[in-house]
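Visitor: I would like to learn how to read a protein model. Please show me, feature by feature.

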Amino acid sequence: EESIIERETLEEIVVTAERREASLQSTAVAVTALSQATLSENDISDVTDLSGFVPNLVVSGQEDQSDIKIFIRGVGTNNPTETGDQGVGVYVDGVYAARAQGALALMYDLENVQVLRGPQGTLFGRNNTGGALLLQTKKPGQDYESDIQLSLGSNNRQQVSGGITLPVSNNFAIRIAGYLDK
């Protein structure tokens with residue numbers, strides 16, 4: 001008699017913490033990666049909501065203003081003005097956002113969010129002494145794809161987000177995404 005052993009396999013998580021795509025398990029950087037599904041399940045709509053989900057990350061700021069302070073392992077800056085450089089770098093699709101206010105963008109239609117802990121000067125440049133926050137937007141693929149999320153709540157709250165990928169040719173596709181929160 002042969003016995004069949006079912007092996008559970010781990011889902012491979014691909015990160016860009018070393019400026020190239022690699023498996024999370026083979027990356028030699030302290031990194032936390034969150035997928036769009038995880039962000040949606042935990043109602044994480046912007047970077048300020050990450051504080052409770054990522055170890056050693058503290059994001060503070062005022063709700064009604066755009067000043068934001070990001071600290072990783074206690075390293076950051078209290079100067080959110082144009083004259084102050086951030087201790088934690090924010091990158092959207094690999095492009096450095098010179099001011100942390102760029103991190104206040106809504107977190108929808110993302111591939112993932114990666115939080116790198118510790119100095120990242122070698123891979124990401126100066127002033128990343130605390131770490132880096134990488135936001136990877138969803139890229140259009142070669143297949144038609146669409147998704148939509150709808151949330152309704154008390155006090156007439158309505159939240160709708162979604163995106164659609166339209167392949168135009170074998171080498172060209174368009175992705176359109178939107179977000180509405182009332």
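Visitor: Which residues form a nonpolar patch on the surface?

Guide: First, the idea. Patches are made of residues with over 30% relative accessible area and no salt bridge; like charges are joined within 9 Å, and nonpolar side chains (Val, Leu, Ile, Met, Phe, Trp, Tyr) within 5 Å. A salt bridge is a side-chain nitrogen of Lys or Arg within 4 Å of a carboxyl oxygen of Asp or Glu. Accessible areas come from the Shrake-Rupley method with a 1.4 Å probe, and for residues only the protein chains shown count as cover. Here, Tyr144, Leu166, Val168, Phe172, Ile174 and Ile176 form the nonpolar patch, with about 570 Å² of accessible area together.

Visitor: What kind of model is this?

Guide: This is a predicted model: local features need pLDDT of at least 70, side-chain atom pairs count only at pLDDT 80 or more, and totals for chains, interfaces and linings use all residues. Residues are numbered from 1 along each chain as its sequence is written, and side-chain values use heavy atoms, leaving out hydrogens and water.

Visitor: Which strand gives the largest share of the nonpolar patch?

Guide: Strands (E, at least two residues) and helices (H or I, at least four) are DSSP runs, numbered from the N terminus. Strand 12 gives the largest share, three residues. Strand 11 (157-169) and strand 12 (172-181) each supply at least two. Leu166 sits in strand 11.

Visitor: Is Leu166 buried, partly exposed or exposed?

Guide: Buried means under 20% relative accessible area, exposed over 50%, partly exposed in between (1.4 Å probe, protein chains only). Leu166 counts as partly exposed because its relative accessibility is 35%.

Visitor: How many helices and strands are in the protein chain?

Guide: The protein chain has two helices and twelve strands. Along the sequence the pattern is β-β-β-α-β-β-β-β-β-α-β-β-β-β. Of its 182 residues, 36% are buried.

Visitor: How do strand 10 and strand 11 pair?

Guide: Two strands pair if DSSP finds at least two bridges between them. Strand 10 (residues 145-153) and strand 11 pair in the antiparallel sense, over nine bridges. Glu145 has Thr165 of strand 11 as its bridge partner. Three residues lie between the strands of this hairpin, where Asn155 takes a positive phi near 60°.

Visitor: Is strand 5 mostly covered or open?

Guide: Strand 5 (residues 68-72) is mostly covered, with five of its five residues buried. On one side are Ile68, Ile70 and Ile72; on the other are Lys69 and Phe71. Strand 4 (residues 57-61) runs antiparallel to strand 5, joined by five bridges. Lys69 is the bridge partner of Ser60.

Visitor: How many aromatic pairs are there?

Guide: Rings of Phe, Tyr and Trp (its six-membered ring) pair if their centres lie within 6.5 Å; planes under 30 degrees apart count as stacked, over 60 as edge-to-face and the rest as tilted. By this rule there are two aromatic pairs. One of them joins Tyr91 and Tyr96: 5.3 Å centre to centre, 50° between the planes, so it is tilted. Tyr91 is buried because its relative accessibility is 2%. Tyr96 is partly exposed, at 34%.

Visitor: Which residues does Gln136 touch?

Guide: Contact means heavy atoms within 4.5 Å. Leaving out residues up to four places away in sequence, Gln136 touches Thr16, Asp93, Gly94, Leu110, Glu111, Asn112 and Gln114. Gln136 lies in strand 9 (residues 131-137). At 15% relative accessibility, Gln136 is buried.
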